[in-house]
Amino acid sequence: GILIVATKNAGKVKEFQHAFAPLGLEVKSMFDYPNLPDVVEDGVTFAENARKKSVQVSKALGLPVLADDSGLCVDALNSRPGVYSARYGGPGATDEDNNLKLLAELEEQKQGEDTGQPLLSTARFVCALSLYDPFSDKEYTAEGAVEGWITSEPAGGGGFGYDPLFYLPDFGKTMAELTVSEKQAISHRGQALRLLTERLAEATEG
Ligand code: ITT
């Protein structure tokens, strides 16, 4: 079977492929449907934006669609960038732009004071998933979160987005230094996926 995921983020696509391949599901993304209109992500919460993406793309295709809205909430920045994580570094910002902006803002906050300490703030990644089924008009949702620290010393070539700056004390590594499987086992997205799978199983056991 196939599973359509309403995302244009190649990093997310890779993680969904890795999660669903063992279930025999081929993941299609918005790279496979380039002519669909963009969804305006103007929700106040991750869950609201995930629902906008799943419902709008599902209605355009007439098929069930999964969507992911996620981001980084940094404690020293009062939980910003949060739902603005993708455009934090400005319109069309790359992952690198966003990471530079994050370090600049956290270092500016320390007002030049050099503590010699690379860990700048506690933070969490949050992921909201929404699976919309147009045949039953039902939405299935799940959220996951993972706690870590923002480090001024980026490391690792795996993952995507803010992963090189997200330090996990239990591993002594950043998220970008984990393999896809290791990331899936602990990440916000991995947790949300496992919860969504449980909820779907319960709903279909009937
Ligand atoms: P779609 O909306 O098309 O799925 P997007 O990249 O715009 O793609 P979001 O609006 O959900 O996705 O924004 C997510 C932001 O949070 C984006 O900047 C990501 O780099 C970051 N992010 C989300 N999950 C992440 C993860 O697992 N590791 C690192 N950064 C992540």
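Asp69 is buried, as 28 other C-beta atoms lie within 10 Å; "buried" here takes 20 or more other C-beta atoms within 10 Å of a residue's own, "exposed" 12 or fewer, and "partly exposed" covers what falls in between, with C-beta atoms placed from the backbone. The residue sits in strand β3. An unreviewed UniProt entry annotates Asp69 as "active site"; UniProt positions follow the numbering used here, feature names are shortened, and such annotations may be inferred rather than shown by experiment. What does Asp69 touch, leaving out residues up to four places away in sequence? The answer is Glu41, Phe46, Asn49, Ala50, Lys53 and Ala128, where a contact requires C-beta atoms, placed from the backbone, within 7 Å.

Before going further, a word on the model itself. This is a predicted model, in which local features need pLDDT of at least 70 and side-chain atom pairs count only at pLDDT 80 or more, while totals for chains, interfaces and linings use all residues. Residues are numbered from 1 along each chain as its sequence is written. The protein chain averages a pLDDT of 96, and 99% of the residues score at least 70; pLDDT is the predictor's confidence in each residue, from 0 to 100. The model's ipTM is 0.99 and its pTM 0.97.

Now zoom out to the sheet. It is open and mixed, with seven strands in the order β2-β1-β3-β4-β5-β6-β7. β2 (26-28) and β7 (173-174) stand at the edges with a single partner strand each, so one side of each has no neighbour in the sheet. Strands (E, at least two residues) and helices (H or I, at least four) are DSSP runs numbered from the N terminus, and two strands pair if DSSP finds at least two bridges between them.

Follow β4 (residues 119-133) into β5 (residues 138-151): the two run antiparallel and are joined by 14 bridges. Along the way, Phe125 stands opposite Val146 in β5, and Tyr132 opposite Glu139. Four residues separate the strands in this hairpin, and Asp137 takes a positive phi near 60° there. On to β6 (residues 166-168), which runs antiparallel to β5 and is joined to it by two bridges; Trp149 has Tyr167 in β6 as its bridge partner.

Finally, the helices. Helix α1 (residues 10-20) lies across β1 (2-5), β2 and β3 (65-74), at about 155° to β2. Helix α5 (residues 188-205) lies across β3, β4 and β5, at about 160° to β5. These angles run from 0 to 180 degrees between N-to-C directions, with axes fitted to C-alpha atoms, for helices over the stretch in contact.

Definitions and conventions. Two residues are in contact if their C-beta atoms, placed from the backbone, lie within 7 Å.
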